[in-house]
Amino acid sequence: APGVHLFMTAPYAELGLDGNSIAVITGEGVLVFDSNGTPAAAEAVLAGIRKLTDKPVRYVVNSHWHWDHWYGTEVYRKAFPDVTVVAHEATRRLMAGPAIEFNRPGIESELPGYLDSLEKRVNEGKGQTPPPANLDAMQRSLTTGRFFLEQKKNAHLVLPNLTFEKSLTLHLGEREIRILNFGRAVTPGDAVMYLPKEGIVATGDLVVNPLPFALGVYPSGWIQALDDIAALRASTLIPGHGAPLRDNARLDATREVFREILRQGRHARARGLDADQAKAAILPSLAALRTRLTADDARQNQLFAVYVVDWFLHRVYDELAGPLSDAITPPPH
C-alpha cells in the first residue's frame, strides 16, 4: 500500500529464516514492525527505507521474542538514538533473559559444531576426483553459515523501552497505528500491527506463509487470536514470514487445521494415547486440510507433519495436563 513497505530477507542457507520487516512511512517519521534476525539484514532494510524517505525511524515494534524478529534492533538505535522500541510486556521479560538462554546452545555449540562438520565435508569433497556434485552448494552454505553465526554472536541486543498489555494506539503523522495483543498464542506476548484506514494487519508469526511454526505455543489461545484477526476484516495480511496475503484463505485454513488437531487431540488423550500415538492416528485425516496450506508439495507436507501437527499436538497435550506457563519450551523429543 502507499507508504507501507514489506522487506523480505533470503534464508541463511539451511540454517534459519529471517522474519519479515515492515516500514510504515508517515509525514512525521517511520515505524518499523520487526527488525530482522541479524544486524546485517536490518542494515539492508534501513538502507531501503532511506531510499524512500528522509524522515527518521521513530518507532520499532517487535512482534515477539523469537530471534529472527528483533536481533537487528541495534541498527535503529545506533542510527536514531531516540527511537522508541515497543513490545508486549511479556515479550520484554523473555527478551531480557530466557530468550537469550534459549538461544545460547545454538550459538555456542550447536551451530559451530554443525559448521565444523560441514567444513570437514567440504574439505573432503575438494580432495575427491571428481568432486561431489553438491560441493559448490556446501561451500556456499558454509560461507553463509559462518556469516550467520558471527552476526548472531555479535548482535547487541536492544530491549524495548515502551511496553503494553492489551493495546497501544500510536498517531504518527497522518496515520493511526494500533498495536494489539489477543492473548497468549504463539508466545505469551504476540504483538499485531493494525492499520485501520489502510485495512492492513501485520500478524507476526500468528500467520505464516506457507506454514506456521507451532513450537511452544498456546493452542486454544492461538485459535482465539486467529479468530480475532479475522474479525478485523483486513484486506491485506502481512505474515511473519512469506509473501503478503490478499484474502483470509490461509488464515482460515490455519484456524481449521488447529481446531481439528485440538478436537482430535482431546479425544486421543481421553482414549489413553500419548502424543506420538495420537499424531500417527490423526495425521492421515488431515490430508485435505494440509493441502490447503502446502498445495501438496512433498517437502511442505513433510514440514507440516512436524511444524504443525507434531509440535501443536504436543502442546495440546501440555495444555490439557494443566495451565501452561510462560516458560520457553524446547522442541518435543
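User: Before I look at the sheet, which criterion decides that two strands pair?

Analyst: Two strands pair if DSSP finds at least two bridges between them, and the strands (E, at least two residues) and helices (H or I, at least four residues) are themselves DSSP runs, numbered from the N terminus. This is a predicted model, in which local features need pLDDT of at least 70 and side-chain atom pairs count only at pLDDT 80 or more, while totals for chains, interfaces and linings use all residues. Residues are numbered from 1 along each chain as its sequence is written, and side-chain values use heavy atoms, with hydrogens and water left out. In this structure, 6 strands form an open sheet with mixed pairing, in the order S1-S2-S3-S4-S5-S6.

User: Which are the edge strands?

Analyst: Strand S1 (4-7) and strand S6 (162-164) are the edges, each pairing on one side only. From one strand to the next, the twist averages 20°, where axes are lines fitted to C-alpha atoms (for helices over the stretch in contact) and angles run from 0 to 180 degrees between N-to-C directions.

User: In what sense do S2 and S3 pair, and what packs on the sheet?

Analyst: Strand S2 (residues 21-26) and strand S3 (residues 29-33) pair in the antiparallel sense over 5 bridges, and Ile25 stands opposite Val30 in S3. Helix H1 (residues 39-52) packs on the sheet and touches S1, S2, S3 and strand S4 (57-61), its direction making about 155° with that of S1; contact here means heavy atoms within 4.5 Å.

User: How is a pocket defined, and what volume has the largest pocket?

Analyst: On a 1 Å grid over the protein atoms alone, a pocket is an open set of points where a 1.4 Å probe fits, with protein on both sides within 12 Å along at least five of seven lines, and lining residues have an atom within 4 Å of a point. Grid points are joined across faces, edges and corners, and a volume is the space filled by probe spheres set on the points. The largest pocket has a volume of about 1,400 Å³, and of its 48 lining residues, Leu15, Gly16, Leu17, Trp67 and Tyr307 are the closest to its centre. Helix H4 (98-126), helix H5 (135-154) and helix H10 (298-321) each give two or more residues to that lining, with the largest share, 7 residues, coming from H4.

User: What volume has the second largest pocket, and which element gives the largest share of its lining?

Analyst: The second largest pocket has a volume of about 170 Å³, and H4 supplies the largest share of its lining, 5 residues. Among the lining residues are Tyr71, Arg104, Glu108 and Lys152.
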